[in-house]
Amino acid sequence: MKLTALFTNLKVSKKLLLGFAVVICIMLVVMFSAIMGLRNIQDRVLKSDLSADLINSLTDARLNRQAYEYTGDNNFLIKNAVAMEAMMKTAPEMRALTWGEQGGRHLTRIENALSRYGEDRKAFVGAKTQKLQTGKILD
């Protein structure tokens, strides 16, 4: 009862001031909430962009590796190397972001696969080169 009595005893100017102060506080809370939501959205958009870049580079690397495998054209091998280099640049950018437990595990698998791919690629190119040389000898 004391609170309502205190409020009724206030002058109109103080009641208006108190009302506007409450409205401003509510606006600040809403603004802070909106800013936090936008930052969260911005983080997710950046993660999506980097993930899309990684997937596009992976697709380019696969297509160029297969094209090299079927044609033996070194231009495809160069394009494969460019795509792999793009993936190797994207992975550290992704690591700099905050990921959940599952996303972190996937990112670690990607980084491990990228580091192993260099050795596997050398073996593949060596075997393909040997196959092409053997084919030339037999022709």
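This is a predicted model: local features need pLDDT of at least 70, side-chain atom pairs count only at pLDDT 80 or more; totals for chains, interfaces and linings use all residues.
Trainee: Which two residues form an aromatic pair?

Mentor: Rings of Phe, Tyr and Trp (its six-membered ring) pair if their centres lie within 6.5 Å, and planes under 30 degrees apart count as stacked, over 60 as edge-to-face and the rest as tilted. A search of the whole structure finds one such pair. With 6.1 Å centre to centre and 70 degrees between the planes, the pair is edge-to-face, and its members are Tyr68 and Phe124.

Trainee: How many residues apart in sequence are the parts that this pair ties together?

Mentor: Helices here are DSSP runs (H or I, at least four residues), numbered from the N terminus. Tyr68 lies in helix H2 (residues 12-71) and Phe124 in helix H4 (residues 101-138), so the parts tied together are apart in sequence by 56 residues.

Trainee: Is Tyr68 buried or exposed?

Mentor: Buried means under 20% relative accessible area, exposed over 50%, and partly exposed in between (1.4 Å probe, protein chains only). Phe124, at 23%, is partly exposed. Tyr68 has a relative accessible area of 2%, and therefore counts as buried.

Trainee: Is H2 roughly parallel or roughly antiparallel to H3?

Mentor: Axes are lines fitted to C-alpha atoms, for helices over the stretch in contact, and angles run from 0 to 180 degrees between N-to-C directions. H2 and helix H3 (residues 74-95) pack with their axes 8 Å apart, at an angle of about 160 degrees. Angles under 35 degrees count as roughly parallel, over 145 as roughly antiparallel, 65 to 115 as roughly perpendicular and the rest as oblique. The angle between H2 and H3 therefore makes them roughly antiparallel.

Trainee: How many nonpolar residues does the contact of H2 with H3 have?

Mentor: Ala, Val, Leu, Ile, Met, Phe, Trp, Tyr, Cys and Pro count as nonpolar, Asp, Glu, Lys and Arg as charged, and the others, Gly among them, as polar. In the contact of H2 with H3, seven residues are polar and five are charged, while the nonpolar ones number 13.

Note on methods. Residues are numbered from 1 along each chain as its sequence is written. Side-chain values use heavy atoms; hydrogens and water are left out. Helices (H or I, at least four residues) and strands (E, at least two) are DSSP runs, numbered from the N terminus.
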